[in-house]
Amino acid sequence: MLFMDVSTWDPANRDKVLEHFKKLEVPEGIDIINQWIDLSGNRYYILYEAESAEAYGAFNLPWSDICVIDSVPVMEASEFMQLLPKYQKKT
C-alpha cells in the first residue's frame with residue numbers, strides 16, 4: 001500500500017532530526033518512491049510503499065520521539081477512477 005507522510009518537528013529539534021536522518025536505515029518491506037524537503041523548514045514529505053503493517057511500524061516508530069508524522073494511504077487518481085464504479089450507488 002502507498003503512503004504519503006508529512007513529518008514535522010519543533011525547530012529546536014532540528015539537529016536531532018538531521019542526525020536521525022543521517023542514520024536512517026530503510027527496513028525490509030519499505031520501498032521509497034520519492035522524498036521532498038520543505039525549503040522553509042521543519043517539514044519532510046515522503047511517498048513510499050509498505051508491504052505490511054510491521055514494515056510500516058518499523059519505518060515510522062523510530063521517529064515518533066522527535067517528529068509528528070501525518071500518514072495518509074494514497075493511490076494514483078487513475079487507479080481510483082477504475083475502482084469508483086464498483087462502489088457507486090446504483091439509482
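Select the lining of the largest pocket and colour it by class: 13 residues are nonpolar, 4 are polar and 3 are charged, where Ala, Val, Leu, Ile, Met, Phe, Trp, Tyr, Cys and Pro count as nonpolar, Asp, Glu, Lys and Arg as charged, and the others, Gly among them, as polar. The model is a predicted one, in which local features need pLDDT of at least 70 and side-chain atom pairs count only at pLDDT 80 or more, while totals for chains, interfaces and linings use all residues. Residues are numbered from 1 along each chain as its sequence is written, and side-chain values use heavy atoms, with hydrogens and water left out.

The volume of this pocket is about 300 Å³. A pocket here is an open set of points on a 1 Å grid over the protein atoms alone, with protein on both sides within 12 Å along at least five of seven lines, and lining residues have an atom within 4 Å of a point; the volume is the space filled by probe spheres set on the points, which are joined across faces, edges and corners, the probe being 1.4 Å. Next, pick out Trp9, Val17, Phe21, Tyr44 and Trp63, the closest to the pocket centre of the 20 residues in the lining. Two or more lining residues come from each of β1 (2-8), α1 (14-22), β3 (43-50) and α2 (53-60), and α1 gives the most, with 4 residues. Helices (H or I, at least four residues) and strands (E, at least two) are DSSP runs, numbered from the N terminus.

Move on to α2 and show Ala55, Gly57, Phe59 and Asn60, which are buried, that is, under 20% relative accessible area, against over 50% for exposed and in between for partly exposed (1.4 Å probe, protein chains only). The buried residues of α2 pack against β1, β2 (30-37), β3 and β4 (68-74), contact meaning heavy atoms within 4.5 Å.

In the loop between β2 and β3, select Asn42, a residue other than glycine whose phi has a positive value, near 70°. Asn42 is partly exposed, with a relative accessible area of 28%.

Go then to Glu19 in helix α1, which is partly exposed with a relative accessible area of 39%. A C-alpha to C-alpha distance drawn from Glu19 to Pro85 reads 47 Å, for residues 66 apart in sequence.

Finally, zoom out to the whole protein, which has 3 helices and 4 strands in the sequence pattern β-α-β-β-α-β-α. Its C-alpha trace spans about 55 × 30 × 20 Å along the principal axes. The radius of gyration is 16 Å, whereas a compact globule of 91 residues would have one near 12 Å, taking C-alpha atoms and a rule of 2.2 Å times the number of residues to the power 0.38. Of the 91 residues, 25% count as buried.
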